[in-house]
Amino acid sequence: EIHIKEPIEKEVNPRLLPGELLLCEASTVYKYVQEDGSNRGTYGKLVCTNFKISFLDDDSASDDNEPQFKNKIVGENDITLQCVDQIYGVYDEKKKLLTGQLRKYPEKLIIYCKDLRVFNFCLRYTKEEEVKRIVSGIVHHSQTPKLLKRLFLFSYASAAPNNTDGRNQTVMFETLEDWRDELERTKGNVKYKAVTTNEGYRVSEKLPLYFVVPICISEESILKYEGRGIPIWCWSCHNGAALLKMSSFPKEQDDSTSQMQKAFLDGIYKTISKPPYELLKMDDLSSSLPSLQDIQTAYTRFKQLFLIDNSTDFWATDVKWFSLLESTNWLEIIRRVLKKAIEVAECLEIQHTNVLLIEESATDLCCVISSLVQVMMDSYSRTKSGFQSLIQKEWVIGGHGFLDRCNHLHKSEKEEAPVFLLLLNCVWQLVQQYPPAFEFTETYLTVLSDSLYVPIFSTFFFNSQHQRDTNKSGESLKTQSGPFKFLTVWDWSVQFDPKALAFLNNPLYAEKPKPDRSQRKTARFKHQRQLSLPLTQAKPSTKRGFFREETDHLIKNILGKRIGKFINSSDEPPNSLREFYDSWHSKPVDYHGLLLPRIDGPEIKVWAQRYLRWIPEAQLHGGGTIATAAKILDLMEEVQSLQVKMDEEHSQAVSGDVHSVPMLRNSARLSSLFPFALLQRQSVKPALPTSTWKDLEDEDDLVKRDDEFVDLSGDML
């Protein structure tokens with residue numbers, strides 16, 4: 001049976017951004033609602049522009065049902081072309097991946113998105129010519145390789161008026177002054193200096209214009225190997241120990257070149273091992289952490305658990321939830337990355353030792369570890385402006401290849417890897433373990449992950465500062481010539497109005513340390529799916545990094561020599577690290593001091609808000625953390641109104657910087673995955689254990705119950 005909402009009579013036109021062009025459209029397209037197998041849905045128009053794919057129905061024209069949390073750029077039924085993951089066509093009930101030229105056009109179109117939405121469109125009632133145009137248009141514009149200048153980023157920058165407010169507090173690290181201020185802030189300016197050697201990109205196009213190195217490093221050394229083999233400063237600890245990174249030399253080298261590089265590294269090592277520098281310990285991340293290929297494979301498996309076509313698929317996977325989750329290895333990778341960050345923090349904090357992170361380009365896992373260490377050790381990085389400045393410093397200016405790693409141009413899947421998403425997943429673990437320590441919320445992290453695929457901001461659409469600078473010049477559509485003025489993602493007012501922006505700020509952020517009152521134990525709420533694996537012994541890893549002080553080992557590692565046979569295969573942390581970890585967790589938390597994530601057993605969880613937000617069956621109405629947050633926000637709203645009255649009584653001006661508190665009415669009806677899940681979405685299955693439901697559904701074909709021994713009373717329904 002098909003429940004049909006009648007086709008719309010009135011013409012609905014898409015809202016186009018400056019520079020956005022309508023490329024193709026199809027009328028009488030039927031969009032299924034993904035709630036059950038009843039084929040319910042609505043008729044509308046499917047359009048494709050040079051920015052997005054959009055479905056327009058009569059609800060698109062009305063503002064009556066406006067959600068509390070609305071994105072001004074990308075609507076609920078909009079998919080940016082960069083957000084499209086895969087497109088499938090359905091031919092005679094069989095799914096087929098659509099790429100390139102099509103000989104036959106499907107009767108149904110399924111679009112899987114990188115933010116894990118799934119759209120099902122039925123084309124049976126659409127005119128054949130329109131089906132050909134819209135399907136081939138969508139496949140061509142979202143799946144085929146394109147030139148950088150063809151990105152919508154450039155169309156928007158040349159057509160949009162540049163009227164953003166200049167009140168962004170994020171440090172962009174585009175000037176020498178920004179780097180000097182950061183050195184001053186971290187008290188690193190005694191031993192380290194900001195250099196201008198790369199002005200005009202004469203050292204390397206991969207390095208930023210300005211960066212920081214030890215004072216004793218000469219300009220000749222930096223120029224010699226295009227910046228390779230040079231320790232670049234990331235951050236200084238309060239005790240003077242510093243976190244450094246270095247790009248290693250290529251592995252395949254002839255003997256004479258290798259000898260020269262070894263001598264060069266020997267000289268560098270000796271220079272920075274003398275006072276006033278602390279003892280140096282190094283870590284080659286390529287041997288102590290999973291490879292980018294491993295990370296990509298794990299994430300590809302992991303996201304399949306959440307790209308659900310319908311309710312039946314959800315309940316079919318629910319029977320094997322734990323085993324499927326563990327087999328992806330994604331949570332284990334998060335655990336290993338967090339453990340590595342704890343190792344580095346212990347060296348800096350306890351051993352007062354400089355740590356040198358080494359990687360082939362120093363722009364992938366180096367960015368993850370250095371960012372995590374700063375979030376854990378520097379409370380400034382846990383404020384919103386501090387975290388954004390950190391992303392600018394380590395990732396955007398630091399040269400992480402967003403264009404390649406996100407595969408925005410569809411040039412090569414070999415380069416693709418969710419490295420930045422890995423960082424956000426790790427930071428989320430800290431945010432949910434220690435909410436008062438962060439000025440921002442998990443909703444902030446979720447919209448930041450979504451912004452990776454919105455090509456009106458330049459932040460995540462270049463591989464390096466050099467690439468961005470060289471592509472800035474261009475002809476404006478408004479006849480005058482001049483450089484493009486790209487928007488930065490940190491101006492959140494472009495995407496959200498003030499009411500929605502309130503959801504990005506944590507109203508419970510601890511402004512001042514409160515060491516006497518520990519709030520470490522957070523309540524656990526009942527979810528339909530347990531989001532962490534049961535407490536089992538972690539599988540031993542095949543590789544484990546350890547720090548070495550000997551010059552020879554340092555040089556061998558940087559030169560890419562294989563030394564795996566010397567590495568202990570045990571994954572148990574060294575005694576000193578375990579003592580550091582246990583000792584810290586036995587004390588009350590200082591929310592403005594060092595933070596160590598809990599990484600044992602089921603403490604590593606699935607980021608529910610990001611991964612489950614589009615699945616109605618995974619939501620609890622009136623439950624989850626949002627139920628508690630709603631009550632607290634009501635109290636805060638009352639306190640704020642009383643404060644205003646008191647201020648008026650004393651004739652004092654009210655500060656304009658007070659964060660507004662989001663109004664959460666009808667909290668009993670809110671989903672546990674609010675603010676993304678809408679109020680009207682309901683699950684159609686009863687609250688029974690999955691295995692019981694399957695038995696009732698099909699008594700003749702009992703499902704193998706590998707997960708039956710898990711205690712279902714606490715976290716699963």
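Is Ala362 buried or exposed, and what is its relative accessible area? Ala362 is buried, at 7% relative accessible area; buried means under 20%, exposed over 50% and partly exposed in between, with a 1.4 Å probe and protein chains only.

1. Basis. This is a predicted model, in which local features need pLDDT of at least 70 and side-chain atom pairs count only at pLDDT 80 or more, while totals for chains, interfaces and linings use all residues. Residues are numbered from 1 along each chain as its sequence is written, and side-chain values use heavy atoms, with hydrogens and water left out.

2. Overall. The chain has 24 helices and 16 strands; these are DSSP runs numbered from the N terminus, helices being H or I of at least four residues and strands E of at least two. Of its 717 residues, 56% count as buried. Contact means heavy atoms within 4.5 Å. Among contacts between residues at least 6 apart in sequence, 75% join residues at least 24 apart.

3. Helix H16. Eight of the nine residues of H16 (442-450) are buried, so the helix is largely enclosed by the rest of the structure. Among them are Tyr444, Leu445, Val447 and Asp450. The buried residues pack against H13 (384-396), H15 (419-433) and H21 (608-611).

4. Helices H13 and H15. This pair packs at an angle of about 150 degrees, with axes 13 Å apart. Axes here are lines fitted to C-alpha atoms over the stretch in contact, and angles run from 0 to 180 degrees between N-to-C directions. Phe387, Ile391 and Trp395 in H13 meet Val419, Phe420, Leu423, Leu424 and Val427 in H15. By class, this contact has eight nonpolar, no polar and no charged residues; Ala, Val, Leu, Ile, Met, Phe, Trp, Tyr, Cys and Pro count as nonpolar, Asp, Glu, Lys and Arg as charged, and the others, Gly among them, as polar.

5. Helix H20. In H20 (575-585), the residues Leu577, Phe580, Tyr581, Trp584 and His585 are buried. Seen down the axis, they fall within an arc of 120 degrees, so they line one face of the helix; the arc is that of the directions from the helix axis to the C-beta atoms. They pack against H11 (330-349). The face turned away from the buried side carries the exposed residues Asn575 and Glu579.

6. Backbone. Most residues other than glycine have a negative phi, and most peptide bonds are trans. Ala362, in the loop between E14 (354-359) and H12 (365-377), has a positive phi of about 60 degrees. His410 has a positive phi of about 55 degrees and lies in the loop between H14 (402-405) and H15. A cis peptide bond joins Pro275 and Pro276, with omega about 10 degrees.
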